Amino acid sequence: MPADLGAFLQGVFDQVHLWASQSPFWSALFTLGWGIVKVVLVLGFIIVNVLVLVWLERKFSGRVQSRLGPMRVGRPHGWAQTIADMIKLLGKEDIVPRAADKALFVIAPVVIFTATMLVYVVVPMGPRAIVSDLNIGVLYLAAAASFTVISVLMAGWGSSSKWSLLGALRGAAMLVSYEVPMVLAVMGVVLLSGTLSTNAIVKSQSGLWYILVQPIGFLVFLAALFAELNRVPFDLAEAESELVSGFNIEYSGLRFAFFFLAEYANLLALSAIAVTLYFGGWQGPFLPPFVWFMLKTYGFIILVMWIRWTLPRVRVDQLLEFGWKVLLPAALVNLAVTGVYVLLT
Amino acid sequence: MSGASDQRSSTARALRDHLAGAAPFAETDVRPDGEVVVRVPPDKAVAAAEALAGFQPHPLNYLSCVSGVDRPDEDQIEVVYTVHSLPGPAKASLRVRVDRKAERPSLPSLVQVWPAADYHEREVYDLLGVWFEGHPDLRRILLAETFEGHPLRKDFVQNRPPRRRVTREDYQP
Amino acid sequence: MTITPEFRPAPGDLEEHEFLVNMGPQHPSTHGVLRVILRVDGERLVDAIPDIGFLHRCFEKVAEGWTYQQVVPLTDRLDYVSAMTNELAYVMAVEKLAGIEVPERAQWLRVLVAELQRIASHLVWFGTFALDLGATTPFLYAIREREHILDLFEALCGARLTYSYMRIGGVRGDLPPGFVGKTREFLKLMPSRLREYENLFMKNRIFENRTKGIGRVTAEEAVAYGASGPTLRGSGVDWDLRRDEPYAAYDRFEFGVPVGQSGDVYDRAVCRFKEMYESLKIIEQVLDGLPEGDVRAKVPRVLKPPAGDVYTRVESPRGEVGVYLVSDGGPKPYRVKWRAPSFAHLRLLPVMAKGHMVADIVAIIGSIDIILGEVDR
């Protein structure tokens, strides 16, 4: 069935492409149309999965804490809880603090969501199911992942509140510091696979998943991942119990919903990237590639959530120390060893 | 048990003797449980406190509590400093009475001798209206800064200043 | 520097790169309505000025208008997390003033509930402390264990938080049937749970990094500022009122008193945690040797202690709770002054906070285990 469906869709696509290539106008329109279709598909994917993820986090954290989690909204196990929460958030009053920098305040949630969506461009969910198979995929990833810093700073500064500012500054310092070890760790994978394209990296893991040959790289990547995701133990920008929601204190209603969704979309995106780089992406026997992809991604997400609900929070200077003095050298050593190995083989 | 209470009584007597020398102006009393009650006039409070804190071998270095007791029938407010030695069996209460009818009933602050007196004295000032001369930061601690009156005084309810609306001018005169 | 509620410092009060941050009365980590005004230089704290009084309920004034027995439920509500020790301090003061002798069984029961209360209070502290530091899970576990204790209290006196169990001259009633059995079950399950939490949280590397070396108080400072309880013992001063000035039936039991060394947040936290183990030991000894007898002495309906005054102190989970009681010979107290340990410890806050970072203030406040109910009264 899936093979036929794929072939059928491919046939439709080719036919339409052929018709459109008759004139430059139609060709351009086709490209635009196809781009919009891809965006809508990705957006749909994100939204559905984010709804599931929020529910999953609440259920999982409940079970870890020996309680049940949502049970009522949507009879079996509260599956509609997230939808209800989103509706509630949409109905809230849109408060903009009087002293806020209105432009920054308003744009920040949009920027963060956009930044998160940018990562999905290079996430391969199947041999050909990727929005755009850039052959500089990993470089693009490093650039796109840095975007969130801007929005955090915008939100913190634009809120015109000291607590937001503290949170934003901490967040920015953390995000920037952990970019470097993250990219260096990924460089190890790039060396082994010989390509920057994410789909090619997945294909090159058909014999051996990179987690097995890059254990240190993976650990560095994992630590940096928590920093990029703003999750405990590295959730300084938010730090609920100290800063009461940090850089997004002053946000309410739909704008807050954007931050909230962006956090989980980011979680999904970076977990997908982790799975792509280290766990063989969509590779796997018997099941369709997409199913493998989803299984692995959700497995990784469960691991991330597990760590979140176990550990306390690290203080900002300890965090930065850890990033620069432990992770960076480890990533460099990893890179050096991998380089030597590649050279010799 | 009796060993401990013996120790307490002998310590109390030793403390009393020490005070007879170091603070002769003080009236002292020894209670059955070993507490030494020390009564001094306000101007001698610091000297008495220092004498207590200098008692050897159990210097009374631990200020447990500063209580203000309003005694309108004697026209006085009594401020009681309950001090202990830590560790050790010595226990004393330093009692100073100030004139209630004065505009600003006051006595010297004992923060220099017992830093713990800081917040306790502020509370006595706040609730009873006793000023402590030399206190580093004497302002209301429990009640609002604009509160008028001293609630723990026995006549507060009858003679309460009329309540008025607090406005911005109270803070920015 | 005068801090007005409008929160604007006068020009010249602050250095150029400093600013004031208000850790307002509403805050997830101030354990109640505590306001701390932080003077920060970037992330470094220059000063931390507490502002209290948001929970002032005029306890001392109200107590002057009620009879001695009627004041007992009022004392519950001061340190509401540890109500039994509050009541104990008050009834002991009245008994001392009036010369009432409490029966042996009542004294033992008082110790029993006080120690159960200590464990419950320390569990709340543990949960909220973990929560402050970012680990949300231990809170749920601590509350789950505390439910066992609250169930015991509910069986004993009908209430889960504000008990009114102590009476002048004894306690309100004897143990219900099945109480001893349930308590023994609780004693069996607690040590392993406590060890689990120790491994989960207290021995966690991140926790140690966040608490070691933070909020140091030397022994001299602690004594000078009137610290007590684990706050004092964390600095190395070996002083526990249960052992050194025994009251109720404490002189009959063997228990250890954990003492720290460096007076930082970590040592205070470990002291408090270890106290739970010791309390379990005491409870076991109480159950093993509980004597028979009355649980309440005969006290006149209208109690008029002779004129005079007394200061009694007990070791509550937070430290030394003291009651200075003045009687004028009438049926109502002339003056009830409540000495709250958290009030004294608050004075240590600026001392502890100097030089640390904003994230540390939360750990420091948590280590003092402050309850605003007793600070503000």
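In which sense do E1(C) and strand E2 of chain C pair, and over how many bridges? In this predicted model, E1(C) and E2(C), residues 35-41, pair in the antiparallel sense over five bridges. One bridge can be picked out by name: C:Met23 has C:Val36 of E2(C) as its partner.

That pair belongs to an open sheet of three strands in chain C. The order is E1-E2-E3, and the pairing is antiparallel. Strands E1 (19-23) and E3 (44-51) of chain C are the edges, each pairing on one side only. From one strand to the next, the twist averages 25°. A helix covers part of this sheet: H14 of chain C, residues 358-368, lies across E2 and E3 of chain C. H14(C) runs at about 150° to E2(C).

Now turn to the contact between chains. Chain C contributes 26 residues and chain A contributes 23 residues. On the chain C side, E1, H4 (104-132), H5 (137-157), H7 (205-211) and H14 each supply at least two residues. The residues on that side of chain C comprise 15 nonpolar, seven polar and four charged.

Within chain A, look at helices H12 (residues 253-278) and H13 (residues 289-308). They pack at an angle of about 115°, with axes 9 Å apart. H12(A) is therefore roughly perpendicular to H13(A). The crossing is right-handed. H12(A) brings A:Leu267, A:Leu268, A:Ser271, A:Ala272, A:Ala274 and A:Val275 to the contact. H13(A) answers with A:Lys296, A:Thr297, A:Phe300, A:Ile301 and A:Val304. By class, this helix contact has eight nonpolar, two polar and one charged residues.

Methods: Residues numbered from 1 in each chain as written. Chains lettered and ligands numbered in written order. Predicted model: local features only at pLDDT ≥ 70, side-chain atom pairs only at ≥ 80, totals over all residues. Pairing = 2+ DSSP bridges. Helix = DSSP H or I, 4+ residues; strand = E, 2+ residues; numbered from the N terminus. Axes fitted to C-alpha atoms, helices over the stretch in contact; angles between N-to-C directions. Contact = placed C-beta atoms within 7 Å. Nonpolar A, V, L, I, M, F, W, Y, C, P; charged D, E, K, R; others polar. Parallel < 35°, antiparallel > 145°, perpendicular 65-115°, else oblique. Left-handed = near helix turned anticlockwise from the far one by under 90°.
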